Amino acid sequence: MSSTSKKHRNFVTEPMGEKLVTELAGIGEVLGKRLTEANYDKAYTVLGQFLLFKKEEELFKEWLKDTCGANAKQQNDCCQCIKEWCDSFL
Amino acid sequence: MAPVDPKDVNSLSDEQLSDMLRDYGVDVGPINVATRRTYERYLIKLQTGQALTPSNFEPADDEDEDEDTEVILKHPPPQERFLSSSQPRQRHQVPNSHIPTPTGDSLSRPPLTSSKKTTSASFTPFARSSPSVPLQQQQNGNGGIPGWVKLTAVVVVLVLAYLIYTNMEPNAVSNIPSIPNKVQV
């Protein structure tokens with residue numbers, strides 16, 4: 001099992017509900033602020049974006065980079081977090 | 001279809017954009033205001049085979065904490081707590097161990113501190129009996145005669161008796177004059 005952060009585990013183990021976008025793995029304070037300014041304030045909006053891309057990881061990562069300037073690691077962490085959540089709850 | 005310049009991507013219709021992406025094997029989702037820009041960028045990336053224009057944002061590297069270390073840190077603290085709690089216990093045990101030994105040495109007979117009362121209670125009748133014995137027997141010394149003195153005395157008496165008995169002469173000579181034979185008249 002690859003190393004997963006505590007933030008990742010906290011997110012993927014329960015329905016996201018009204019969690020903020022900053023609760024996503026890979027999304028900290030700075031990236032969270034940028035996403036919020038683009039009106040992606042809740043985690044489910046990011047989920048919606050992921051689903052619109054038909055769960056294509058490369059497209060989602062590209063979107064994430066374009067929207068908030070996430071680096072490769074942050075893109076990967078966020079993408080894996082959302083993907084795992086979908087595997088459990090979607 | 002011919003490669004499209006980045007400038008011309010915007011002029012593509014949604015359907016055309018979708019078709020071009022599918023040619024690259026992309027499972028294209030709905031192209032709307034939320035996704036179009038990303039699909040355009042992705043198409044250019046696929047065509048040029050290079051990374052797209054650098055993002056407009058500064059890299060936020062000091063983002064997100066390495067939370068893997070949080071998991072690791074959970075282990076040492078319990079151990080540290082365990083170690084720190086064990087040391088005071090050892091410290092407390094050391095002074096406690098010293099306390100009973102001096103009290104035990106001073107009393108000499110009762111080793112336990114809890115049995116002080118019982119030994120003291122038993123000691124008093126012994127104290128009463130001990131002075132009464134030498135008074136009755138009228139022996140020299142305040143406390144009673146030590147055992148080894150008594151034993152030596154007995155041995156000495158026995159030795160003397162043995163010597164006397166062995167040196168006794170079998171032919172005893174009495175000093176009583178014997179009466180000579182009676183003379184007849």
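How many helices and strands are there in chain A? In this predicted model, chain A has five helices and zero strands, where helices (H or I, at least four residues) and strands (E, at least two) are DSSP runs numbered from the N terminus. Residues are numbered from 1 along each chain as its sequence is written, and chains are lettered from A and ligands numbered from 1 in the order in which they are written. Because the model is predicted, local features need pLDDT of at least 70 and side-chain atom pairs count only at pLDDT 80 or more, while totals for chains, interfaces and linings use all residues; side-chain values use heavy atoms, with hydrogens and water left out.

The elements of chain A run α-α-α-α-α from the N terminus. Of its 90 residues, 50% are buried (under 20% relative accessible area with a 1.4 Å probe, protein chains only). Contacts are defined by heavy atoms within 4.5 Å; among those in chain A between residues at least 6 apart in sequence, 53% join residues at least 24 apart.

Chain B contains eight helices and zero strands. Of the 185 residues in chain B, 16% are buried. Among contacts in chain B between residues at least 6 apart in sequence, 22% join residues at least 24 apart. The accessible surface of chain B amounts to about 15,600 Å², 59% of which belongs to carbon and sulfur atoms.

At the interface, 32 residues of chain A contact 27 residues of chain B. The two chains bury about 2,500 Å² between them, 49% of it on carbon and sulfur atoms; buried area is the accessible area (1.4 Å probe) that two parts lose on being put together, summed over both. Leu59(A), Glu62(A) and Asp66(A) supply 23% of the area that chain A buries against chain B, more than any other three residues.

Five salt bridges are found across the interface of chain A and chain B (a side-chain nitrogen of Lys or Arg within 4 Å of a carboxyl oxygen of Asp or Glu). One of the salt bridges joins the side chains of Asp66(A) and Arg37(B), at 2.6 Å from N to O. Helices H1 (6-12), H2 (29-37), H3 (43-52) and H4 (57-68) of chain A each contribute at least two residues to the side of chain A that touches chain B. H4(A) provides the largest share of that side, eight residues.

Technical notes. Areas by Shrake-Rupley, 256 points an atom, 1.4 Å probe, with all protein chains shown as cover.
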